[in-house]
Amino acid sequence: MSNEKKPDQIVFNEQTRQYDAYIKPYATNVGAPAIQITDNSTWKARNINKANKQIKAKYLELKAEYENMMKELEYNTLVYNARYTFEPLIGETYHLYRDKNKQPFLSIIAPSDCNFDYIGSFLLNSELIWKRVENNHSE
(Lines give C-alpha, C1' and ligand atoms only; values in the text may rest on other atoms or scores of the structure.)
Protein backbone atom coordinates (compact mmCIF):
# COMPACT_ATOMS: atom_id res chain seq x y z
CA MET A 1 0.00 0.00 0.00
CA SER A 2 1.13 3.48 -0.66
CA ASN A 3 1.84 6.15 1.93
CA GLU A 4 -0.52 8.60 0.34
CA LYS A 5 -3.27 10.16 2.46
CA LYS A 6 -6.67 8.48 2.06
CA PRO A 7 -9.78 10.61 1.53
CA ASP A 8 -11.71 11.62 4.70
CA GLN A 9 -14.65 9.27 4.03
CA ILE A 10 -12.34 6.21 4.00
CA VAL A 11 -11.55 4.75 7.42
CA PHE A 12 -7.97 3.58 7.32
CA ASN A 13 -5.86 2.95 10.41
CA GLU A 14 -2.32 4.14 9.75
CA GLN A 15 -0.85 2.17 12.65
CA THR A 16 -2.28 -1.23 11.71
CA ARG A 17 -2.31 -0.38 8.01
CA GLN A 18 -5.85 -1.79 7.66
CA TYR A 19 -9.34 -0.61 6.78
CA ASP A 20 -11.19 -0.91 10.09
CA ALA A 21 -14.54 0.81 9.66
CA TYR A 22 -16.32 -2.46 10.48
CA ILE A 23 -14.88 -2.60 14.02
CA LYS A 24 -15.62 0.99 15.04
CA PRO A 25 -18.35 1.41 17.74
CA TYR A 26 -19.83 4.33 15.79
CA ALA A 27 -21.02 4.94 12.24
CA THR A 28 -18.25 5.93 9.84
CA ASN A 29 -19.87 6.58 6.45
CA VAL A 30 -21.13 9.93 5.21
CA GLY A 31 -24.76 8.78 5.06
CA ALA A 32 -24.85 7.69 8.73
CA PRO A 33 -27.00 9.68 11.12
CA ALA A 34 -25.19 12.43 12.98
CA ILE A 35 -24.15 11.70 16.54
CA GLN A 36 -26.31 13.83 18.80
CA ILE A 37 -25.49 14.59 22.40
CA THR A 38 -28.67 14.11 24.40
CA ASP A 39 -29.64 16.71 26.97
CA ASN A 40 -29.98 14.77 30.20
CA SER A 41 -30.11 17.74 32.57
CA THR A 42 -33.84 17.27 33.34
CA TRP A 43 -33.27 13.56 33.97
CA LYS A 44 -30.40 14.39 36.30
CA ALA A 45 -32.36 17.06 38.17
CA ARG A 46 -35.39 14.81 38.61
CA ASN A 47 -33.37 11.83 39.80
CA ILE A 48 -31.08 13.86 42.04
CA ASN A 49 -34.21 15.13 43.77
CA LYS A 50 -35.59 11.58 44.15
CA ALA A 51 -32.28 10.21 45.39
CA ASN A 52 -31.87 13.04 47.90
CA LYS A 53 -35.39 12.42 49.23
CA GLN A 54 -34.65 8.72 49.66
CA ILE A 55 -31.36 9.43 51.42
CA LYS A 56 -33.02 12.00 53.71
CA ALA A 57 -35.83 9.57 54.55
CA LYS A 58 -33.29 6.86 55.41
CA TYR A 59 -31.35 9.36 57.51
CA LEU A 60 -34.48 10.32 59.44
CA GLU A 61 -35.28 6.63 60.04
CA LEU A 62 -31.77 5.99 61.35
CA LYS A 63 -31.89 9.14 63.49
CA ALA A 64 -35.20 8.06 65.05
CA GLU A 65 -33.83 4.56 65.65
CA TYR A 66 -30.71 6.03 67.24
CA GLU A 67 -32.79 8.28 69.52
CA ASN A 68 -34.90 5.27 70.57
CA MET A 69 -31.76 3.26 71.31
CA MET A 70 -30.34 6.10 73.41
CA LYS A 71 -33.61 6.36 75.32
CA GLU A 72 -33.54 2.57 75.85
CA LEU A 73 -29.94 2.82 77.07
CA GLU A 74 -30.94 5.57 79.50
CA TYR A 75 -33.84 3.50 80.88
CA ASN A 76 -31.68 0.39 81.10
CA THR A 77 -28.99 2.26 83.01
CA LEU A 78 -31.58 3.85 85.29
CA VAL A 79 -33.19 0.51 86.21
CA TYR A 80 -29.93 -1.41 86.60
CA ASN A 81 -28.57 1.35 88.88
CA ALA A 82 -31.75 1.43 90.96
CA ARG A 83 -31.94 -0.18 94.37
CA TYR A 84 -33.70 -3.56 94.66
CA THR A 85 -33.28 -6.54 96.98
CA PHE A 86 -34.67 -9.29 94.77
CA GLU A 87 -33.67 -11.00 91.55
CA PRO A 88 -35.94 -9.79 88.74
CA LEU A 89 -37.50 -12.49 86.58
CA ILE A 90 -37.41 -12.40 82.79
CA GLY A 91 -40.79 -11.51 81.33
CA GLU A 92 -42.07 -9.78 84.46
CA THR A 93 -43.00 -6.13 84.77
CA TYR A 94 -41.58 -4.07 87.62
CA HIS A 95 -42.18 -0.49 88.70
CA LEU A 96 -39.57 2.15 89.31
CA TYR A 97 -40.04 4.80 91.99
CA ARG A 98 -38.03 7.51 93.79
CA ASP A 99 -37.63 7.38 97.56
CA LYS A 100 -37.53 10.36 99.96
CA ASN A 101 -33.88 10.97 99.01
CA LYS A 102 -34.79 11.01 95.29
CA GLN A 103 -32.95 7.70 94.77
CA PRO A 104 -34.59 5.21 92.35
CA PHE A 105 -35.79 1.84 93.60
CA LEU A 106 -37.49 -1.06 91.84
CA SER A 107 -40.64 -2.66 93.21
CA ILE A 108 -43.27 -5.24 92.36
CA ILE A 109 -45.96 -2.99 93.80
CA ALA A 110 -48.14 -1.41 91.11
CA PRO A 111 -48.47 2.40 91.03
CA SER A 112 -52.20 2.10 91.68
CA ASP A 113 -51.46 0.32 95.00
CA CYS A 114 -49.06 2.87 96.49
CA ASN A 115 -48.23 6.57 96.78
CA PHE A 116 -44.53 6.47 95.85
CA ASP A 117 -42.97 8.92 93.37
CA TYR A 118 -43.58 6.89 90.22
CA ILE A 119 -40.97 6.97 87.39
CA GLY A 120 -42.19 4.19 85.10
CA SER A 121 -42.88 0.51 84.58
CA PHE A 122 -40.31 -1.77 82.99
CA LEU A 123 -40.26 -5.31 81.66
CA LEU A 124 -37.11 -7.43 81.71
CA ASN A 125 -36.87 -9.16 78.33
CA SER A 126 -35.02 -12.37 77.43
CA GLU A 127 -31.93 -10.39 76.41
CA LEU A 128 -31.84 -8.92 79.96
CA ILE A 129 -32.74 -5.48 78.65
CA TRP A 130 -35.26 -3.38 80.53
CA LYS A 131 -38.03 -2.18 78.21
CA ARG A 132 -40.35 0.59 79.30
CA VAL A 133 -44.01 -0.41 79.23
CA GLU A 134 -47.00 1.89 79.20
CA ASN A 135 -49.02 2.07 82.34
CA ASN A 136 -52.35 3.81 82.87
CA HIS A 137 -50.87 5.63 85.85
CA SER A 138 -50.20 9.33 85.19
CA GLU A 139 -46.53 10.29 85.50
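**Close-up views of the predicted model**

**View 1. Tyr66, Met70 and Leu73 make a nonpolar surface patch.** Together they have about 310 Å² of accessible area (Shrake-Rupley method, 1.4 Å probe, with only the protein chains shown counting as cover for residues). Patch members have over 30% relative accessible area and no salt bridge; nonpolar side chains (Val, Leu, Ile, Met, Phe, Trp, Tyr) are joined within 5 Å, like charges within 9 Å. A salt bridge puts a side-chain nitrogen of Lys or Arg within 4 Å of a carboxyl oxygen of Asp or Glu. This is a predicted model: local features need pLDDT of at least 70, side-chain atom pairs need pLDDT 80 or more, and totals for chains, interfaces and linings use all residues. Numbering starts from 1 along each chain as its sequence is written, and side-chain values use heavy atoms, without hydrogens or water.

**View 2. Leucine 73 sits in helix H1.** Its relative accessible area is 48%, so leucine 73 is partly exposed (buried is under 20%, exposed over 50%, partly exposed in between; 1.4 Å probe, protein chains only).

**View 3. Helix H1 covers residues 41-80.** Its 40 residues reach 57 Å from first C-alpha to last, close to the expected 58 Å (1.5 Å times one less than the number of residues). Helices (H or I, at least four residues) and strands (E, at least two) are DSSP runs numbered from the N terminus. Tyr75, Asn76 and Val79 are the buried residues of H1. They pack against strands E3 (93-98), E4 (104-107), E5 (117-124) and E6 (130-133).

**View 4. Isoleucine 109 lies in the loop between E4 and E5.** Isoleucine 109 is partly exposed because its relative accessibility is 37%. Leaving out residues up to four places away in sequence, isoleucine 109 touches His95, Tyr97 and Cys114 (heavy atoms within 4.5 Å).
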